Amino acid sequence: MKPLPLPRLSPRWAPYALLAPFLLLFLVFGLFPLAFSLYLSFQSWEPTSGLAAMHYVGLDNFAFALRDEWFWKSLANTGWLALASGLPQHLVAIPLASFLHLGFKRWRNAVVGAYFLPYITSSVAIAILFSSLFSTDYGLINLLLALLRELPLLGALLPAQAVDWLNDPDALKPAISMIVFWRYVGFNVVLYLAALQTIPPDLYEAATMDGAGRLQQFFHITLPSIRPMIFFGVTLSVIGGLQLFEEPFILTGGKGGSDQAGMTAAVYLYRNAFDFNDFGAASAMSWLLFLVVALLTWLTNRAFRPRAR
Amino acid sequence: MRLAARTLVGICMSVGLLAVPAAAQQSITVAAFPAVDEIVRAALPAWQQLHPNVEVKVVSRELNDHHTAMTTALSTAVYLPDVMALEVGYLGRFAQGAGLEDLARPPYELRRYQSRFVPYAFEQASTPAGAVLAVPTDIGPGTLLYRQDLLAKAGLVEADLNGSWDGYVAAGVKIKAATGAYLLAHARDMKDILIRTGIRPGEGMYFDKDSRPLVTTPRFVRAFELARAVRQQKLDARVTAWSSDWSEGFKRGGIATQMSGAWLAGHLNNWLAPSTRGLWRAAQLPEGAFAAYGGTFFAIPRLADAANKPLAWQFIQLMTLNRARQLAAFKSQDAFPALLETYDDAFFDEPLAFLGGQRARRDWRTAAGRIRAVQVHKQDAFAREVIDTELDKVLERGKAIDRALADAQRLLQQRALR
């Protein structure tokens, strides 16, 4: 018996059929939540009363969000953390990538892999690990600080007592920034390494023949050549930094820490919805946050776009 | 071969016939959290005797996950259980909406049974409009647990501890000097109990009935002052409840007293600090304060399957109005009964080995009758966080109390009417 021919997809419908799985998932998990949160931001809703309990309140939620001290506080926290964790990522990743590019040939992939590892590690594992590293009395970080304190000159610069990293509002932000930096620096190294490999070696050879040193080559060849990648990397850091959620959320037990020092805008809007039952305000805040992200992305674009000569 | 095939068909048919009555069997779903889930499971044999054809499915989640899941289920009316266990803090939030069945109405008419429950617990489930949204099953009468041995070392007696709040702090100074132990785990505990005492009828903890914040009233000022006094005299261990330092403090005798629900004695005995058995005693809270720490309720979601509601109601009655079930939960899980007719049981008079043979359940029974219900407000969770934050600033950074409370008042005003 001849096997039955498989049903053939006509070329006319093939693109639609092949795109359908993505479109369907995007509709359900991408577009619908977006549209629903936009709709919710104009509603007042007591969620436990069911979907029928929504009523239209116009711009009330936006007005409340703009007057809310905690919203501004959370935005300030977000800005602080984005800057303190984002800027060092690039300042370290670019020279590091450059060093790996020049200094390693055979072991390069293994070293890059080691730097990339934190990026693919589960956030929960990271949070547990760092909670114990940051422990006040038994943590390795305070232990290290205690050892360094013994040194003659450096010791004077360090805090005199064990730092309560996770409960002291002044220490919590640096602690979170350190984790975010540690987690994403490897990702940026990979980006910059990819960009470095596209620079033609002849440029360096010509520069060497012209008598340019390593430092001059770095500033006049390497940096200008990877500028598009810097734009890409910084844009990702701006967006990721402003949406920072996982690390502070897990590290502070979902609360945002003492004096809300670790409460980013994303954590605050989550709490507004699920802890304080205010889905309307939470949705309004998420759209305000979107405006901030869009504005800063645009500014990044302005700063890095190719200039007319 | 043919015979085998025929046998197979026969078996299938008879299984099919047997399956018909099984399919007709009804089932109800009960969503709960530990240890309420255990209490529900323990009641299933009794339920099966009454309703042999009704299966009870128990869906169990961790406390916070359970309430998040219930919020989602109520908001979308999908995967609603027939019976929902609720912790008192969340009941207040859920009571703001219209998601729970009003059990005061027919066919339930819960008010007929009102006199059988501890008054404050029943009131907690009632709304100002007269609806009753849940049935209390267990309560948490507040108590002052203290280390008898540390007190004796400091030359103190129980009355020194629970006469007045100032006396309590003064006793703490002596305990610290004589034994090195802290008076309590965290200065925040002091604030938490003091803002719960002296609430006027009709007032909530943070808001009055017209949603005006109450956080600049003398009740809060005194709570903050005493918390600050505790911190300034270094009488608190600065550890939060349920942390590992907290349980370690109990194990090593580093913490001399703890104000909590009566159920904490059970936790200390079972896993927190079993080695300290016999060293603890329980007393009423200082200055005649009576407060509740936790409590569990059962509710029926309004949009749950209507066909199952009569059974759900019967199940709740079994859990809450049945003396034997209430006592069983008390004996196995330290779930202090909300049903008054259990209160004459001999179990209340039994000495507790963990408390050095003290018959503490009698005191807790007295406390249960003296606690008053507090009006809940939609923004209580937010208010609690604001107050905790301002207290931290007072304790850690020396912020002036009147400024801290004024700042809290302003934040709560902004949000009170949302």
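Q: Where is B:Glu287 in chain B?
A: B:Glu287 sits in the loop between β6 (280–283) and β7 (292–299) of chain B. Helices (H or I, at least four residues) and strands (E, at least two) are DSSP runs, numbered from the N terminus.

Q: What sort of model is this?
A: The model is predicted: local features need pLDDT of at least 70, side-chain atom pairs count only at pLDDT 80 or more, and totals for chains, interfaces and linings use all residues. Residues are numbered from 1 along each chain as its sequence is written, chains are lettered from A and ligands numbered from 1 in the order in which they are written, and side-chain values use heavy atoms, with hydrogens and water left out.

Q: Back to B:Glu287. What is its phi?
A: B:Glu287 has a positive phi of about 55°, although it is not a glycine. Most residues other than glycine have a negative phi.

Q: Why does B:Glu287 count as partly exposed?
A: Because its relative accessibility is 38%. Buried means under 20% relative accessible area, exposed over 50%, and partly exposed in between (1.4 Å probe, protein chains only).

Q: What about A:Asp259, buried or exposed?
A: A:Asp259 is buried, at a relative accessible area of 18%. A:Asp259 also has a positive phi of about 55° without being a glycine, and it lies in the loop between α11 (246–251) and α12 (265–274) of chain A.

Q: Which residues does B:Thr389 touch?
A: Leaving out residues up to four places away in sequence, B:Thr389 touches A:Trp70, A:Asp259 and A:Gln260. A contact means heavy atoms within 4.5 Å. B:Thr389 is in helix α16 (residues 380–397) of chain B, and it is buried because its relative accessible area is 6%.

Q: New topic. Which peptide bond is cis, with omega near 0°?
A: The one from B:Pro106 to B:Pro107. B:Pro107 is in the loop between α4 (88–94) and α5 (119–124) of chain B. The bond from B:Pro34 to B:Ala35 is cis too, with omega near -5°, and B:Ala35 lies in the loop between β1 (26–32) and α2 (36–50) of chain B.

Q: Last one, helices. At what angle do α1(A) and α13 of chain A pack?
A: About 115°, with their axes 8 Å apart. Axes are lines fitted to C-alpha atoms, for helices over the stretch in contact, and angles run from 0 to 180 degrees between N-to-C directions.

Q: Which residues in α1(A) meet α13(A)?
A: A:Leu34, A:Ser37, A:Leu38 and A:Leu40. Among the residues they meet in α13(A) are A:Phe279 and A:Trp287. A:Leu34 is partly exposed, with a relative accessible area of 45%.
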